[in-house]
Amino acid sequence: MEGRTPYSALIPTPSRGSASSRASSSRTVIARSCYEKPPMTTPRPWPRLSSRPGTDHHLFQPRWDLMENPRTGEHLERLICETPEWVDVVAITPERELVMVQQYRFGRDRITTEIPAGLVDPGEDPRDAALRELREETGYTTDRWTLLGVVEPNPAYQTNLCHHFLAEDVRLTHSQDLDPGEDIGVLTLPLQEVGDRIKSGEFVHAMMITALSRVLDLRTT
């Protein structure tokens, strides 16, 4: 409705007390009601009636849940991906450069530029996982760690959280220790340049941008 002339402004205002004035007042009330917010509704949790597991894909374990819509009573099957917790690391050198990784991503069929990240092993503390992933993927380490926050990557069908960590004053102390399925390049870029390349749309990795938004001002205006 922004930018449009309000409906009530289109209704002439007759002289006070006339029949047409009373009718106009009624029409104005009706017109103004167009701007009222709809009543708030509170959705309810959906009861799970049954579950059946799918094939374990290592990165996630699919299952199909038969759910009941509490609004309609209809039974619907929904896909759930039981996914391990994730971590990623905003690693900043003493020179205020960001440690980044480049790797081929099968889903997008291209090489992407990201921040170090990985899975939390069963029973592993997320901070320990972040330290491990940073060291294994890049060789950088530090003792200065801060939890930036936790986000839900995709609550529509994933069960996991992603833990964002800030690692400050990181230094190159080790060689890479990559898994057999990894091929990762390492680079450092000034923080300002990273922010500019996010704003320009060159860097579009969602979890990286979410983490960096806790450190950089990524507003485009």
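Guide: A residue is called buried when it has under 20% relative accessible area, exposed when over 50%, and partly exposed in between, using a 1.4 Å probe and protein chains only. The model is predicted, so local features need pLDDT of at least 70 and side-chain atom pairs pLDDT 80 or more, while totals for chains, interfaces and linings use all residues. Residues are numbered from 1 along each chain as its sequence is written, and side-chain values use heavy atoms, without hydrogens and water.

Visitor: Which residues in α2 are buried?

Guide: Helices (H or I, at least four residues) and strands (E, at least two) are DSSP runs numbered from the N terminus, and α2 covers 126-138. The buried residues in α2 are Pro126, Ala129, Ala130, Arg132, Glu133, Leu134, Glu136, Glu137 and Thr138.

Visitor: How far does α2 reach from its first C-alpha to its last?

Guide: The 13 residues of α2 have an expected span of 18 Å at 1.5 Å a residue, taken as 1.5 Å times one less than the number of residues. Close to that expectation, α2 reaches 18 Å.

Visitor: Which residue just after α2 takes a positive phi?

Guide: The phi in question is about 85°. The residue that takes it, just after α2, is Gly139.

Visitor: Which element gives the most to the lining of the largest pocket?

Guide: A pocket is an open set of points on a 1 Å grid over the protein atoms alone, where a 1.4 Å probe fits, with protein on both sides within 12 Å along at least five of seven lines, and its lining residues have an atom within 4 Å of a point. The largest pocket is lined by 47 residues, with Leu59, Trp86, Arg105, Gly118 and Leu119 nearest its centre. With five residues, the element that gives the most is β6.

Visitor: Where does the largest pocket lie?

Guide: The domain bounds come from an automatic or database domain assignment. Because both domains give residues to its lining, the largest pocket lies between domain 1 (48-82) and domain 2 (86-214).
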